[in-house]
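Hello,

Here is the model I promised to pass on, with some notes on what turned up in it. Please have it open while you read.

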Amino acid sequence: MDSNRRLIKYAILTAFFMIVLIFAAVIFLNFKELSFRYGRGPKPIESGVTPPEVTPPEVTPTEVTPDSSGFMIGADPKAFMHDKDFFDPDPYEPGNIQVTYGRTANLVLSSIERDLRIHIVDILGRNIKGVEFSVTVDGVEYLNTNQDGIIYITPMRSGESIVILNPEPGFRTPTEPSIINIKQRIEYVAMNELDLRIFTESQIDASIEDVVHEMNAEDFDTTERTEALGSWSGAKFGIDVSKWQKEIDWHRVKQDGVEFAIIRVGYRGWTSGSLIEDPYFAANIRGATDAGIPVGIYFFTQAVNVMEAVEEASMAIALVEGYQLDYPIFIDTEGTGTGGQGRADNLSRDTRTEVCRAFMETIRSAGYHAGLYAARSWLYNQLEMARLSEHIVWLAEYRDIPQYSGYYQLWQYTSRGRIDGIEGNVDLNLSYLY
């Protein structure tokens, strides 16, 4: 058996080498013809064929005379380099075109209510910082003295205003003025250019901009429930989460009986006032919806006026675009827990009420349900709830039975809950909405 296999192997090898030898012989015998066809040599003259006679063209002798240097004209192969008329004029020589150097600076303008916000941005739409730009608005000059790329002017008269970005060394600025319509009153319409103002936590100092909020002692007692209540008294059981819960296994959360989740979309820094996206927002809303958990969102406010409230609502609307919301978009209003040092801690009751109203009206104008989150003492003492009665209320009160006497549709009953799929404590809620 083995000898037969060896014979077959030798026969195959012998046949292979014979084919290679034949192929090489064919190439060798036809080398000249192949060379001609592929541009590597003259076509061979066939045997017995007389090649045609080729008569060279007549050349009229040209008289050659030496130039002033003693050389014959045409004898110097580099003569064209000394001939100023040899080349056509270069249309791109300096003087034929205008060359402008420097970075590009442009304007983005917005108005909410008798105000004007001017963003000075680069070609990528980012605020240009570290430069004291100036603008002229209706003939009056304004300086960006803090060099943050933003100039805010209030009050303004309503109607059209002409804005000019004044020339700045090292920058290309628009040659034509910009025109904006200054609004007479707030319209609660979401703003479009919020991407210029939304920061990530990598761009700010989160340790001073985002603080843990402590519940007021008036809003909890020893009767606080900490267990998951499930569908209790006809309510649905849910959680609210933010970056403090870190990575969440949403499928395990779903299996543990969670029926809805309210997810923090972002916050306004309590010192700088920057708009900051929660670093876990995108992962949380995708994870929850993929697990089949209905979601809503909330935004922690530090707005000090209605214009900033519209900004915050606009940010929430912009970041939730493309996601399905089954629960409202809430404004989270509470103290920072820093002894009144937060930028919105000391607002008057009237101003804080207007801030919450502006946020929720902007949310509603965009087609979403809007709501208000606050603790019992905050609802009593910091807000005029009679002016907000048409909106959904999410109450935070950590007792067996809430003592709040007003209407509420959601109740956050503990911050010390435990849910499978989440490390550490998590807020637990009951919803009477749906």
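Let me begin with the lining of the largest cavity, which is made up of Thr301, Gln302, Ala303, Thr333, Glu334, Ala344, Asp345, Leu347, Arg352, Val355, Cys356 and Trp378. A cavity here is a set of points on a 1 Å grid over the protein atoms alone where a 1.4 Å probe fits but cannot get out, and lining residues have an atom within 4 Å of a point.

Before going further, a word on the source: this is a predicted model, in which local features need pLDDT of at least 70 and side-chain atom pairs count only at pLDDT 80 or more, while totals for chains, interfaces and linings use all residues. Residues are numbered from 1 along each chain as its sequence is written, and side-chain values use heavy atoms, with hydrogens and water left out.

**The cavity**

The structure holds 1 cavity of 30 Å³ or more. The space in the largest cavity comes to about 80 Å³, a volume being the space filled by probe spheres set on the grid points, which are joined across faces, edges and corners. Helix α7 (residues 349-365) gives the largest share of this lining, 3 residues. Helices (H or I, at least four residues) and strands (E, at least two) are DSSP runs, numbered from the N terminus. By class, the cavity lining has 6 nonpolar, 3 polar and 3 charged residues. In this scheme Ala, Val, Leu, Ile, Met, Phe, Trp, Tyr, Cys and Pro count as nonpolar, Asp, Glu, Lys and Arg as charged, and the others, Gly among them, as polar.

**The pockets**

A pocket, unlike a cavity, is an open set of points, with protein on both sides within 12 Å along at least five of seven lines. The largest pocket has a volume of about 890 Å³. Its lining counts 43 residues, and those nearest the centre are His213, Glu214, Met215, Glu334 and Tyr373. Which elements each supply at least two residues of the largest pocket's lining? They are β11 (236-241), β14 (295-300), β16 (370-375), α8 (376-381), β17 (392-396), β18 (410-417) and β19 (426-431). The lining of the largest pocket divides into 15 nonpolar, 18 polar and 10 charged residues.

The second largest pocket holds about 500 Å³ of space. It is lined by 22 residues, with Ile150, Phe199, Ser272, Gly273 and Ser274 closest to its centre. At least two lining residues each come from β3, β6 and α6 (306-320), and α6 has the largest share, with 3 residues. By class, 7 residues of this lining are nonpolar, 7 polar and 8 charged.

**Two open sheets**

Strands β3 and β6 also belong to an open sheet of 3 strands, in the order β2-β3-β6, with antiparallel pairing. Two strands pair if DSSP finds at least two bridges between them. Because β2 (106-110) and β6 (150-153) each have a single partner strand, they stand at the edges, and one side of each is left without a neighbour in the sheet. From one strand to the next, the twist averages 20°, where axes are lines fitted to C-alpha atoms and angles run from 0 to 180 degrees between N-to-C directions. Strand β3 (residues 116-121) and β6 are antiparallel and joined by 4 bridges; Arg117 stands opposite Tyr152 in β6.

The other open sheet has 4 strands in the order β5-β4-β7-β9, again with antiparallel pairing. Its edge strands, β5 (140-143) and β9 (178-182), each pair on one side only. Strand β7 (residues 159-165) runs antiparallel to β9, with 5 bridges between them, and Gly159 has Ile182 in β9 as its bridge partner. Strand β4 (residues 134-137) and β5 form 4 bridges in the antiparallel sense, with Thr136 partnered by Glu141 in β5. β4 and β5 make a hairpin with 2 residues between them, and Asp138 in the turn has a positive phi of about 50°.

**One more contact**

Asn166 sits in the loop between β7 and β8 (171-172). Is this residue buried or exposed? Asn166 is buried, with a relative accessible area of 12%; buried means under 20%, exposed over 50% and partly exposed in between, with a 1.4 Å probe and protein chains only. The side chains of Asn166 and Thr136 make a polar contact of 3.1 Å. A polar contact is a pair of N or O atoms within 3.5 Å; within protein, one must be able to donate a hydrogen and the other to accept it, and residues adjacent in sequence count only if both atoms are side-chain atoms.

Best wishes
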